[in-house]
Amino acid sequence: MTLAEQIVKIREENNLTQEQFAESLFVTRQAVSKWERGVSIPDIETLRKISITYKISLNILLGTINKVKSSERKVLAQRSQKMIGFMIFGMILSLIGLIFTIPLILNNDFKKVDNMFSLMVYLPTFAFLITFILALILFIRDIRKPKIIIEYNDFGIFLLSHNDKFIAYEDIVSCNAKFHHAGRYQFQYSFGNLIIVTKTDNIKVGTIADLDRVKSKLIELKTQNTIVN
């Protein structure tokens, strides 16, 4: 049973609403809702408070009772493919622009008009060409990168994007999500960079798909494998 399922079970067995359960732990109803949906998890102090208040072992709450640690590696995070989609879209737009402007350059008649018209043709063509080349380079670079970028087991995580670097859970201090935004409208995408803060370093891993879920899962793994009952 997952932590989210355990929290729902505890609340329902005590005939509490989310609001009442939240008040007993001095948190908001929205926080409880996120716990039960698996979007986030309680911090260590709140987990201890749940354990004491509702008389349930932390090992049972976290699902670690009688658990034998396994070295089997599982997928934690995958690279977002949306950036590749944006690059393809950029290349298509650039090609369309080149299709319209290159014939004008090949046609010598426009040179007889004036220098301003010549500039209006050459500059967009140059911009389309540069955009296409840059998008193509980025596309080739990203398409060759591994799809899976973070794996985990009961001992720690493996950063495949950093030469399979291993980080033990007890060495992780915190992790932060930095989502990508869409320009000045600040529309937030579901992918971005994960910043893992260790005792000795800050490591950026990107571009991760479903970033919020990955962050919550990593916090849960750290809590399950380092908390002392």
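# Cavity, pockets, cores and ring pairs

About 30 Å³ of space lies in the largest cavity, where a cavity is a set of points, on a 1 Å grid over the protein atoms alone, at which a 1.4 Å probe fits but cannot get out. Volumes here are the space filled by probe spheres set on the points, with grid points joined across faces, edges and corners. The model is predicted, so that local features need pLDDT of at least 70 and side-chain atom pairs count only at pLDDT 80 or more, while totals for chains, interfaces and linings use all residues. Residues are numbered from 1 along each chain as its sequence is written, and side-chain values use heavy atoms, with hydrogens and water left out.

**Cavity**

- A search of the whole structure finds one cavity of 30 Å³ or more.
- The lining of the largest cavity consists of R79, S80, M83, I84, D142 and T207, and these residues divide into two nonpolar, two polar and two charged; Ala, Val, Leu, Ile, Met, Phe, Trp, Tyr, Cys and Pro count as nonpolar, Asp, Glu, Lys and Arg as charged, and the others, Gly among them, as polar.
- Lining residues, for cavities and pockets, have an atom within 4 Å of a point.

**Pockets**

- A pocket is an open set of grid points with protein on both sides within 12 Å along at least five of seven lines, and the largest pocket has a volume of about 180 Å³.
- This largest pocket is lined by P42, D43, I44, I172, V173, S174, C175, L218, I219, K222, T223 and T226, with β5 and α8 as the elements that give two or more residues to the lining.
- Helix α8 provides the largest share of that lining, five residues, and the lining as a whole divides into seven nonpolar, three polar and two charged residues.
- Helices (H or I, at least four residues) and strands (E, at least two) are DSSP runs, numbered from the N terminus.
- The second largest pocket, with a volume of about 150 Å³, is lined by T2, L3, A4, W35, G38, S40, I41, R213, S216, K217 and E220.
- At least two residues of the lining of the second largest pocket come from each of α1 (3-13) and α8, and α8 gives the most, with four residues.
- Four nonpolar, four polar and three charged residues make up the lining of the second largest pocket.

**Residue S40**

- S40 lies in the loop between α3 (29-37) and α4 (44-53) and is partly exposed, with a relative accessible area of 23%, given that buried means under 20% relative accessible area, exposed over 50%, and partly exposed in between (1.4 Å probe, protein chains only).
- Leaving aside its neighbours within four places in sequence, S40 is in contact (heavy atoms within 4.5 Å) with K34, W35 and S216.
- The C-alpha atoms of S40 and K215 are separated by 8.5 Å, although the two residues are 175 apart along the chain.

**Nonpolar cores**

- A nonpolar core is a set of buried Ala, Val, Leu, Ile, Met, Phe, Trp, Tyr and Cys residues joined through side-chain atoms within 4.5 Å; the largest has 21 residues, and those with the most contacts inside it are I150, I157, L194, I196, I208 and L218.
- At least two residues of this core come from each of β1 (74-78), β2 (148-152), β3 (156-159), β5 (172-182), β6 (187-198), β7 (202-208) and α8 (211-226), and α8 gives the most to the core, with four residues.
- Beyond its neighbours within four places in sequence, I196 is in contact with I157, L159, I167, I172, S174, C175, D201, N202, I203, V205 and L218.
- Another core, of 17 residues, lies apart from the largest one and has L3, I7, V32 and W35 among its members.

**Aromatic pairs**

- Rings of Phe, Tyr and Trp (its six-membered ring) pair if their centres lie within 6.5 Å, and planes under 30 degrees apart count as stacked, over 60 as edge-to-face and the rest as tilted; by this rule the count comes to two aromatic pairs.
- The rings of F21 and Y54 have their centres 5.3 Å apart and their planes at 35°, so this pair is tilted.
- This pair links distant parts of the chain, with F21 in helix α2 (residues 18-25) and Y54 in the loop between α4 and α5 (58-62), 33 residues apart.
- F21 counts as buried at 0% relative accessibility, and Y54 is buried with a relative accessible area of 16%.
- F158 and F166 form an aromatic pair that is tilted, at 5.0 Å centre to centre and 50° between the planes; F158 counts as buried at 12% relative accessibility, whereas F166 is partly exposed at 40%.
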